[in-house]
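Let's take a friendly walk through a protein model. Have the sequence and the 3D view ready, and follow along one piece at a time.

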Amino acid sequence: MQAFSLSGRAAIVTGAATGIGYGIARHLVAQGATVVLNDIDPARTAEAVERINAEGPGRAIADPGDAGSVPYLRGLVDRAAALPDAELDILVANAGLTEFGDFFAFTEQSFDRVTTLNLKGTFFLTQAFARHLRAAGRGGRVILIGSNVGNRAYPDLVAYGMSKAGIAMLAQQLTLDLSPLGITINCVAPGAVLTERTEQEEPDYAGVWAVLNPTERVGMPNDVAATVGFLVSEAAGHISGQQLLVDGGWSAYAPSPQFLDRIRREAKKPEE
Ligand SMILES: NC(=O)c1ccc[n+]([C@@H]2O[C@H](COP(=O)([O-])OP(=O)(O)OC[C@H]3O[C@@H](n4cnc5c(N)ncnc54)[C@H](O)[C@@H]3O)[C@@H](O)[C@H]2O)c1
């Protein structure tokens, strides 16, 4: 079912060759949009574009590159803005890196990798996109992909959680700067989502992680994509600065004593 049409509109989605980003790009193309797919992996980007274009009715265009590189991101916005047949007014900053690691042993290199992509990349991509809309005299929509781990502490994800909390705050801060330009900005924060990466980390990901969710299932890229679809629609024109958790109720409840006991015992264990 086509809820509304994005025909004539262009969007950028970063980290979109696989996983949640791919789901979002596919959803926007299904609504008729022209979507510029960024991913760091050129071969996988080309494959994703081919698969999405086979479905239509909009169109996907590959723009591979590092979404943590500010010069690349500025070029990405310029190229998307120059498309002849669609007006760029949607940004989905989805690319993000998850690095697990014990806080006491976490390295500067890991910290830089996580924050360069998740925080710096998201910040400067949003800046480049907003500068473009300001120059064009047009409003638009920005969606930043956060995480439930930006709201609730999770073992061994300190830098990641911190970066995702920063992304949610970026959306809140920028309502002040972007609302006068007619741009809404929101953070969509997924819980546990089954993707190529999470399935690689845990072959029974859907089974293991569904246990956490009151909805008794794991999240799918389509759950996140449908939320993004709503936030870029006319219906969501008065929603800005919000963080919307798409987590099956994971963040809604308090953990049990057994859970905390296990975490505390593990934290006190000396390094082997
Ligand atoms: N999967 C989950 O359970 C989950 C939960 C909460 C939040 N998130 C967030 O959602 C977003 C997407 O998650 P995912 O699990 O689909 O991601 P993922 O780790 O599977 O990566 C998706 C794509 O990003 C690309 N990528 C990696 N580094 C990049 C870079 N520097 N520049 C451009 N592209 C790059 C990868 O090649 C991959 O195709 C991330 O921001 C992630 O933090 C995911």
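## A helix wrapped by its surroundings

In this predicted model, the buried residues of helix α1 are G19, I20, G21, Y22, G23, I24, A25, R26, H27, L28 and V29. That is eleven of the twelve residues of α1, so the helix is largely enclosed by the rest of the structure. Here, a residue counts as buried if 20 or more other C-beta atoms lie within 10 Å of its own.

Just after α1, look for G32, which takes a positive phi of about 105°.

## Around the ligand

How many residues surround the ligand? There are 30, and the closest are G15, G19, A67, G96 and R197. Helices α1 and α6 (196–201) each supply at least two residues of this shell. Sorted by class, the shell has eleven nonpolar, 13 polar and six charged residues.

## Strands with both faces covered

Now turn to the strands. In a regular strand the side chains alternate between the two faces of the sheet. Strand β5 (residues 140–145) is mostly covered, with six of its six residues buried. On one side are G140, V142 and L144, and on the other are R141, I143 and I145. Strand β4 (residues 87–93) pairs with β5 in the parallel sense over four bridges, and I90 stands opposite R141 in β5.

## Spots to visit in the loops

Some backbone details sit in loops. P57 is in the loop between α2 (42–55) and β3 (59–62), and a cis peptide bond joins G56 and P57, with omega about -5°.

Two residues have a positive phi without being glycine. For D156, phi is near 65°; this residue lies in the loop between β5 and α5 (158–178) and counts as partly exposed, with 15 C-beta neighbours inside 10 Å. For E216, phi is about 60°.

A252 is found in the loop between β7 and α9 (257–268). A252 is exposed, with 10 other C-beta atoms within 10 Å. From A252 to T14 is 238 residues in sequence and 29 Å in space, C-alpha to C-alpha.

## The whole chain

Finally, step back. The protein chain has nine helices and seven strands, and its C-alpha atoms fill a box of roughly 60 × 40 × 35 Å along the principal axes. With 272 residues, a compact globule would have a radius of gyration near 19 Å, and the chain has 19 Å, which agrees.

Buried residues make up 43% of the 272 residues. Of the contacts with a separation of 6 or more, 73% join residues 24 or more positions apart.

Key:
Residues are numbered from 1 along each chain as its sequence is written. This is a predicted model: local features need pLDDT of at least 70, side-chain atom pairs count only at pLDDT 80 or more; totals for chains, interfaces and linings use all residues. The radius of gyration is taken over C-alpha atoms; the globule rule is 2.2 Å times the number of residues to the power 0.38. Two residues are in contact if their C-beta atoms, placed from the backbone, lie within 7 Å. A residue is near a molecule or strand if its C-beta atom, placed from the backbone, lies within 6 Å of it. Ala, Val, Leu, Ile, Met, Phe, Trp, Tyr, Cys and Pro count as nonpolar, Asp, Glu, Lys and Arg as charged, and the others, Gly among them, as polar. Two strands pair if DSSP finds at least two bridges between them.
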